[in-house]
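Work through the exercises below with the sequence and the model at hand. Try each task before reading its solution.

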Amino acid sequence: MPTNVLITGAAGFLGQRLARALLTGTPLLDAAGAPITLDECRLLDVTAGPDPGDRRARWITGDLADDGVLAGAIDADTRAVFHLAAVVSGGAEADFDLGMRVNLDGTRALLDACRRTGQRPTVVFASSVAVYGGDHLPTIVSDGTRLTPQSSYGTQKAIGELLVADYTRRGFIDGRALRLPTISVRPGRPNLALSSFASGIIREPLNGETAVCPVAPETVLWLLSPATVIDCFLHAHNLPGDRLGTDRSLILPGLAVSVAEMVAALARVAGPDVAARVHWERDPRVERVANTWPGHLDDARARALGFPVDTTFEDVIRQYIEDRG
Ligand SMILES: NC(=O)c1ccc[n+]([C@@H]2O[C@H](COP(=O)([O-])OP(=O)(O)OC[C@H]3O[C@@H](n4cnc5c(N)ncnc54)[C@H](O)[C@@H]3O)[C@@H](O)[C@H]2O)c1
């Protein structure tokens, strides 16, 4: 039987990396721990991204929230779905209707398309630590902390997690929802995510440009590198469902680092002149939201389940410099 795997949001930052990893890395494992032969890697996005240069890769362009598009993307031979497509935080805050349509209606439509196959595919859902927030967060946030998102994006991710859990309980899918930290250092240009500065304050100075840090130096962020998050997606897929039990959402392991420490790490890796390109100009719009993000999270469950971890933020910067070439 020819098998296929689907990545939604495949033209995005993480989607492109995940596609490369699936096509070139070690194979995914099935529920019995046997390697899955990948005959087709379906890459869904509104517009096609770069050609991964592998005959098994096939772009499917269209809107996730369109049933016709999903019908062509998910069938009885779909063994796994990595659901990464989303309107990111700033975008979903700026356009409420778009965020609801893609992040909520699109996620439900995708889960229903999986259900219709009757094959219980594995679904790995990219959620976010933005499901947490507000005035009453405990000092250390854990998997069991109440979900009190303070943005439309976080609310849509929280609802997505509940749907993943319920579709799993019903036996429609075998779901896993990963609460991703902020991913840094992200290459390219700034995006609409409110956390975009968490990459900008490292990337722009390394490119010889100035960068503005819109939050106070003591603000603590919860960070994960691009390479490690891709390994986490693959690990999440390969984990036997019974190790997760009924609780299908988990905080991915991260590094708790203040922005002042991030810039100090940049100075140690690239020199003080580079770090001096960061200007501190607080932006109340960004700060209001960033101050609701939990900086210290308890990732013990993910670590016990064998999820990969970053070592230090300095190493993350070095890895970024190396990948950039
Ligand atoms: N990068 C981070 O720091 C971070 C942190 C937490 C969670 N996440 C989550 O991880 C996932 C991937 O993030 P990313 O950084 O690669 O984001 P990205 O914005 O680079 O990629 C998202 C992709 O989704 C696509 N998309 C948007 N609407 C669509 C639609 N209607 N139909 C089909 N595709 C659509 C976009 O075109 C884009 O290519 C997202 O779900 C995001 O919410 C990312």
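The model is predicted: local features need pLDDT of at least 70, side-chain atom pairs count only at pLDDT 80 or more, and totals for chains, interfaces and linings use all residues. Residue numbers start from 1 along each chain as its sequence is written.

**Exercise 1. Check the length of helix H5 (residues 152–169) and state how enclosed H5 is.**

Step 1. Helices (H or I, at least four residues) and strands (E, at least two) are DSSP runs, numbered from the N terminus.
Step 2. The expected span of a helix is 1.5 Å times one less than its number of residues. For the 18 residues of H5 this should come to 26 Å, and the end C-alpha atoms are 26 Å apart, which agrees.
Step 3. A residue is buried if 20 or more other C-beta atoms lie within 10 Å of its own, exposed if 12 or fewer, and partly exposed in between, with C-beta atoms placed from the backbone. In H5, 13 of the 18 residues are buried, so the helix is largely enclosed by the rest of the structure.

**Exercise 2. Is Asp-66 buried or exposed?**

Step 1. Locate Asp-66 in the loop between strand S3 (57–61) and helix H2 (67–71).
Step 2. There are 12 other C-beta atoms within 10 Å, so Asp-66 is exposed.

**Exercise 3. Describe the open sheet that has the order S7-S9-S11.**

Step 1. The sheet has 3 strands with mixed pairing; two strands pair if DSSP finds at least two bridges between them.
Step 2. S7 (182–183) and S11 (255–258) stand at the edges with a single partner strand each, so one side of each has no neighbour in the sheet.
Step 3. S7 and S9 (residues 220–224) run parallel and are joined by 2 bridges. Ile-183 has Leu-224 in S9 as its bridge partner.

**Exercise 4. Which residues come nearest to the ligand, and which element gives the most to the shell around the ligand?**

Step 1. A residue is near a molecule or strand if its C-beta atom, placed from the backbone, lies within 6 Å of it.
Step 2. Of the 26 residues around the ligand, Gly-9, Gly-12, Leu-64, Ala-86 and Ile-183 come nearest.
Step 3. Helix H1 gives the most to this shell, with 3 residues.
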